[in-house]
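Colleague: I am new to this one. Could you walk me through it, feature by feature?

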Amino acid sequence: MKLSMYFIPTLREDPAEAQIISHRLMLRSGMINQTCNGIYSWLPLGFRVLSKIERIIAEEQDTIGAHRILMPTVQPAKLWQESGRYDDYGKEMLRIKDRHDREMLYGPTHEEVVTDLARQFIKSYKQLPVMFYQIHWKFRDEIRPRFGVMRGREFLMKDGYSFDVTREAAVETYKNVMSSYLRTFARIGLRAIPVRADAGAIGGDLSHEFHVIAQTGESEIFYDSDYDKILLNGEITFADINELYTAADEKHDTETCPVPKERLRSARGIEVGHVFYFGKKYSASMGLFVIGKDGNAFYPEMGSYGIGVSRLVAATIEANHDENGIIWPDAIAPFHVGLITIKRQNTSIQNVVESLYGTLLNMGLEVLYDDRDESAGIKFADMDLIGVPYQVICGLKSIDGIFEWKERKTGKRLYFSQDELLNKLADVFPVVKIDSLRGNLYK
Ligand code: ATP
Ligand code: MG
């Protein structure tokens with residue numbers, strides 16, 4: 001993508017309305033635009049990141065055998081009256097009347113719709129277990145929408161729903177989903193700590209929230225200090241979750257906490273995911289019954305599993321930025337590599353850069369090429385702000401085949417020949433058309 005042709009309305013100044021860094025940086029880098037309180041448009045740069053997160057989540061859901069579907073955003077009140085949640089849900093639910101005066105609502109979650117779907121199609125234990133998911137917009141009329149897409153009123157969620165024959169099987173499913181969440185967040189480039197939580201409005205008896213640690217987190221979480229070692233050393237596994245104490249604020253009780261005081265840590269967390277096992281709550285109230293092996297009808301055991309897809313964009317920035325801007329993890333960066341020319345007036349440099357740009361695109365890389373007639377300082381500042389993880393700077397030396405390479409995260413700068421440069425990119429982004437890439441390189 002040539003920056004001169006890209007729609008990226010960056011701001012030089014900090015927008016006054018943004019209180020936290022991710023909101024400021026998302027506005028400054030032209031990722032989002034507020035339509036009204038808590039409701040946003042996603043501009044090209046923001047939408048690229050959102051889509052990448054969505055794709056990773058979808059791949060990991062597919063891996064555990066969940067079926068991707070798409071349910072309606074607008075739902076009939078009738079289904080919620082059946083489950084008994086219509087009155088309980090309160091003012092967060094956006095209630096609408098259609099032209100025939102029928103009560104409708106914009107879905108804040110989809111347990112009712114999916115249970116209704118299941119009761120129409122799932123009749124036999126042989127059809128179980130089954131799990132559905134969607135990645136779709138939710139509306140919750142939050143009392144205090146704030147921090148940009150971190151707490152919006154309309155937001156993108158991955159919501160999944162499982163149906164099992166027995167409680168044991170449902171708990172196994174729950175654990176599988178938790179493990180897949182750990183892989184999902186790790187692939188995105190985030191460490192999200194699972195903490196024991198209250199099931200709240202969804203109901204049920206087993207629940208975990210996943211939190212990204214950040215000073216601006218709205219929740220307080222508690223954990224065994226042994227967790228710090230895991231956090232430092234890399235990936236969290238399911239075994240860790242079982243062994244070590246963690247708790248969301250409402251679940252934590254100083255009196256009964258099993259962890260000795262000196263080992264107890266607390267931190268601010270951003271909730272990016274939440275999983276629930278709630279048994280027969282919806283299957284029983286909505287009459288989803290299934291014929292079992294013994295010929296008797298039973299209500300399936302259910303769970304539901306959410307990931308805040310749009311919130312993850314902001315949470316990633318909270319956890320990955322510096323004073324110059326965003327530092328995207330490789331896997332969700334809007335572009336893999338930024339190409340900056342200094343001394344653009346020099347036609348030899350221009351030719352080298354145009355040709356390198358073509359080569360990188362052919363490799364399948366996503367390149368943001370700053371071809372604007374701007375000063376080097378502005379180009380460097382914008383590329384840092386946008387947070388492209390690797391930058392290639394082309395100047396006079398590039399006429400002799402030398403390119404400057406800069407890593408956004410560390411600020412490390414190196415000089416590479418074109419072959420070294422391509423090799424490096426192939427190492428960093430192995431998923432990019434790897435075969436054709438290696439072929440080109442070693443020919
Ligand atoms: P919170 O406690 O932050 O209000 P919640 O517990 O009400 O969230 P869930 O019902 O667990 O939310 O929804 C699943 C996920 O959707 C949450 O873990 C969060 O990441 C995301 N989410 C919830 N509400 C919002 C919102 N208003 N804006 C953006 N993302 C949200
Ligand atoms: Mg929650």
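**Reading the model**

Modeller: Start with one residue: Asp-116 touches Leu-79 and Met-286, leaving aside residues up to four places away in sequence. Contact here means heavy atoms within 4.5 Å. Keep in mind that this is a predicted model, where local features need pLDDT of at least 70, side-chain atom pairs count only at pLDDT 80 or more, and totals for chains, interfaces and linings use all residues. Residues are numbered from 1 along each chain as its sequence is written, chains are lettered from A and ligands numbered from 1 in the order in which they are written, and side-chain values use heavy atoms, with hydrogens and water left out.

Colleague: Where does Asp-116 lie?

Modeller: Asp-116 lies in helix α4. Helices (H or I, at least four residues) and strands (E, at least two) are DSSP runs, numbered from the N terminus.

Colleague: Is Asp-116 buried or exposed?

Modeller: Buried means under 20% relative accessible area, exposed means over 50%, and partly exposed is in between (1.4 Å probe, protein chains only). Asp-116 has a relative accessible area of 19%, so it counts as buried.

Colleague: How do I read a salt bridge?

Modeller: Side chains of opposite charge can pair when their charged atoms come close. The test is a side-chain nitrogen of Lys or Arg within 4 Å of a carboxyl oxygen of Asp or Glu. Asp-116 gives a case: it pairs with Arg-119, with the closest N and O atoms 2.9 Å apart. The two are separated by about one helical turn because they sit 3 residues apart in helix α4 (residues 111–121).

Colleague: How many salt bridges are there in the whole structure?

Modeller: The search finds 32. One of them joins Glu-366 and Arg-48, whose closest N and O atoms are 3.7 Å apart. This pair links distant parts of the chain, 318 residues apart. Glu-366 is in the loop between α10 (347–362) and β20 (367–370), while Arg-48 is in helix α2 (residues 44–63). Glu-366 has 24% relative accessibility, so it counts as partly exposed. Arg-48 is also partly exposed, at 24%.

Colleague: Which residues are linked in a network of salt bridges?

Modeller: Arg-55, Glu-59, Glu-60, Arg-183 and Arg-187. Take Arg-55 and Glu-59, whose side chains meet at 3.5 Å, N to O. Both lie in helix α2, 4 residues apart, about one turn of the helix. Arg-55 counts as exposed, because its relative accessibility is 58%. Glu-59 is partly exposed, with 31%.

Colleague: Which residues come nearest to ligand 1?

Modeller: A residue is near a molecule if one of its heavy atoms lies within 4 Å of it. There are 14 residues around ligand 1, and Glu-142, Arg-151, Gly-152, Glu-271 and Arg-311 come nearest.

Colleague: And its polar contacts?

Modeller: A polar contact is a pair of N or O atoms within 3.5 Å. Within protein, one must be able to donate a hydrogen and the other to accept it, and residues adjacent in sequence count only if both atoms are side-chain atoms. An N or O atom in the side chain of Glu-142 is 2.8 Å from a nitrogen atom of ligand 1. A polar backbone atom of Met-150 is 3.5 Å from a nitrogen atom of the ligand. His-274 places a polar side-chain atom 3.0 Å from an oxygen atom of ligand 1. Taken alone, ligand 1 exposes 570 Å², and the protein buries 84% of that. Such areas come from the Shrake-Rupley method with a 1.4 Å probe; for residues, only the protein chains shown count as cover.

Colleague: What should I look for in the backbone?

Modeller: Most residues other than glycine have a negative phi, and most peptide bonds are trans. Asp-101 has a positive phi of about 70°. It lies in the loop between β5 (94–97) and β6 (103–106). Phe-147 has a positive phi of about 60°, and it is buried at 10% relative accessibility. The peptide bond from Leu-128 to Pro-129 is cis, with omega near 0°.
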